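Please look at the sequence and the model shown below before reading on.

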Amino acid sequence: MIAQLALALLCLVAAWMPLVCLSLLKGWSWSRTLCSWRLTFPTLSFSSHRHREISSESVSRPRLTATTFSGQCCTHPHHEQECSELNEDDVKVLVSHIDETDGGPPWKLMMERSTPTLTYQAWYRDPPLGPTQYRTRTVFENVSPELLRNFFWDDEFRPQWDNTLIHFQTLRVCPKTGSMTVHWIRKLPLFCSDREYVITRRIWESDSGYYCLTKGTPYPPLPRSKRPRRVDHYYSSWHIKSETTISVKPRNGEQHKMASEVLLFHHEDIGLPREVVKMGVRAGMWSLVKRLHLGLQTYQMAKENDGSPSNYALMANITTKIKN
């Protein structure tokens, strides 16, 4: 969530244009086209829930391009480390963020917002070196952890709520661990150039929920260019767990409802000053969260009407078990 906000909104704040700042508060709207495809691995075969098959070559659209997996698939057990640069040490780092034992400066509250079905809190902190770090807590009513896990992993659906994403490509997958390396390009408005990401990601599962880790990674087969500018410093990881809330109704008494909590930790260096980034985050964060929530509701209804998961959602179901 923070990644989208930093990319789509912050350049406008830097321009110091009143009309642009007003646009920030109202949010940006770009046209986009959702693509789907079939991925075939040595041991797995996935079919898109949209029931359309697209060539395994790169596919271009006016505002969105999607390229399917093109051959690097690790299946041998000894290749697990090669497949994923993420391991249990990365999970321990995320746990230290959750427990606030990471040795970083104290978190400062940025905002608290809520709706009848959503509770949101956000904090930030400025370490001595590097970009501002963000921590958010979001509680979604009537949503399962599994649905949230799939939603956040689903690049195929993501353009329906993340309107900065103009290219996504699967570079490498591991059917054994579920780890993926993906390539993103995000469109920035006005005078700012696009940003490029090469991200490795993997999900661990424990009794307390799902640990979803994503961070930037080198990928020599994809050479960097001057444009779009590649974001090397990127970290975005979260913990999803279920919890029960109590809703009091005058006639029915107390009714227990299912809810899921997402704790997100995010920081990235997109090449803009800290204070400019924080201004943009404050200006547009809540609007972004509401748009994300609307996308989640649409995703939930789509899954209820069509039970076929997307390729990315199927990959999200391949998790690594760990102890609490």
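Ser 96 is placed in helix 4; here helices (H or I, at least four residues) and strands (E, at least two) are DSSP runs, numbered from the N terminus. With a relative accessibility of 15%, Ser 96 counts as buried, a word that stands for under 20% relative accessible area, while exposed stands for over 50% and partly exposed for the range in between (1.4 Å probe, protein chains only). When its neighbours within four places in sequence are left aside, Ser 96 is in contact with Thr 101 and Asp 102, contact being defined as heavy atoms within 4.5 Å.

The model is a predicted one, in which local features need pLDDT of at least 70 and side-chain atom pairs count only at pLDDT 80 or more, whereas totals for chains, interfaces and linings use all residues. Residues are numbered from 1 along each chain as its sequence is written, and side-chain values use heavy atoms, with hydrogens and water left out.

The chain as a whole contains seven helices and 14 strands. Of its 324 residues, 55% are buried. Among contacts with a separation of 6 or more, 67% are between residues 24 or more positions apart.

Some features of the backbone deserve attention. Most residues other than glycine have a negative phi, and most peptide bonds are trans. Glu 100, however, has a positive phi near 60° without being a glycine. This residue, Glu 100, belongs to the loop between helix 4 (88-99) and strand 4 (108-115), and its relative accessible area of 48% makes it partly exposed. Asn 142 is another non-glycine residue with a positive phi, at about 60°. Asn 142 is found in the loop between strand 6 (133-141) and helix 5, and it is partly exposed, with a relative accessible area of 37%. Which form does the peptide bond from Arg 227 to Pro 228 take? That bond is cis, with omega near 0°, and Pro 228 lies in the loop between strand 10 (209-216) and strand 11 (229-230).

Helix 5 is mostly covered, since eight of its nine residues are buried. Among these buried residues are Pro 145, Arg 149 and Trp 153. Two packed helices are described by the angle between their axes and the distance between the axes. The axes of helix 5 (residues 145-153) and helix 6 (residues 274-305) come within 11 Å and cross at roughly 110°; such axes are lines fitted to C-alpha atoms, for helices over the stretch in contact, with angles from 0 to 180 degrees between N-to-C directions. Helix 5 and helix 6 are therefore roughly perpendicular, the term for 65 to 115 degrees, whereas under 35 counts as roughly parallel, over 145 as roughly antiparallel and the rest as oblique. On the side of helix 5 the contact is made by Leu 147, Leu 148, Asn 150, Phe 151 and Phe 152, and on the side of helix 6 by residues including Leu 292, Gly 295 and Tyr 299.

Aromatic rings form a further theme. The structure holds 11 aromatic pairs, where rings of Phe, Tyr and Trp (its six-membered ring) pair if their centres lie within 6.5 Å, and planes under 30 degrees apart count as stacked, over 60 as edge-to-face and the rest as tilted. The ring centres of Phe 168 and Tyr 312 are 6.4 Å apart and the planes stand at 70°, so this pair is edge-to-face. The pair links distant parts of the chain, as Phe 168 in strand 7 (residues 165-173) and Tyr 312 in helix 7 (residues 311-316) are 144 residues apart. Phe 168 is buried at 0% relative accessible area, and Tyr 312 is buried at 1%. Ring pairs also join Phe 151, Phe 152, Trp 153, Phe 157, Trp 161, Trp 238 and Tyr 299 into a cluster.

Charged groups meet rings as well. The charged end of Arg 149 sits over the ring of Tyr 210, 4.8 Å from its centre; the criterion is that NZ of Lys or CZ of Arg is within 6 Å of the ring centre and within 35 degrees of the ring normal. Arg 282 lies over the face of Tyr 124, at 5.4 Å from the ring centre.
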